[in-house]
Amino acid sequence: MRFDPKREEDFALQLTSMADLIFLLLIFFMITSSFVDTTRQLDLELPEAKGGVESKERKEILVEVGVEKRIRVNGDPVTLEDLEGRLKAEARKPGPHPLTIRADKRLDYGFVIQVMGASFSAGIRDISVAVKD
């Protein structure tokens, strides 16, 4: 009985195209996935400004104010009445305490001034307002 040696040699799985397919799928999912910023808790529309200054990487207090007048300090919900006490507690921590206010552009201007006044009363003098370029 004779076996055809050519036939035995041809039996192999061609995995090159499978590796290419997996690589393309990996790239596709990496590009189409959305990256989530966990520091932002409220969905805000920031006002636009020209010539904004990039904030440096530093430990800052982040105050977010939504259009429904909901306030969050570093991600934790706070009322306007409790804001000053919470900011005083943050100011007692060691190190510099710059404060960034991210307020929705549709929000009443007077409410943003009340938030700024509460932070000033808490002893925080380094206050900035986040804008969109």
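Arg86 and Glu90 sit four residues apart in helix 3 (residues 80-91), so about one helical turn separates them. Their side chains meet in a salt bridge, with N to O at 3.3 Å. The model is predicted. Seven salt bridges are counted in it.

**The Glu90 group**

- Glu90 is buried, at a relative accessible area of 8%. That value falls in the buried class because the cut-off is under 20%.
- Lys93 is partly exposed, at 45% relative accessibility.
- Shared partners join the salt bridges of Asp76, Arg86, Glu90 and Lys93 into one network.

**The Glu68 and Arg70 pair**

- Glu68 and Arg70 form a salt bridge through their side chains. The N to O distance is 3.3 Å.
- Arg70 is partly exposed, with a relative accessibility of 45%.

**Points to check in the structure**

- Which residues belong to the network that includes Asp76? They are Asp76, Arg86, Glu90 and Lys93.
- Is Glu90 buried or exposed? Glu90 is buried, at 8%.
- How many salt bridges does the count give? The count gives seven.

Key: Residues are numbered from 1 along each chain as its sequence is written. This is a predicted model: local features need pLDDT of at least 70, side-chain atom pairs count only at pLDDT 80 or more; totals for chains, interfaces and linings use all residues. Side-chain values use heavy atoms; hydrogens and water are left out. A salt bridge is a side-chain nitrogen of Lys or Arg within 4 Å of a carboxyl oxygen of Asp or Glu. Buried means under 20% relative accessible area, exposed over 50%, partly exposed in between (1.4 Å probe, protein chains only). Helices (H or I, at least four residues) and strands (E, at least two) are DSSP runs, numbered from the N terminus.
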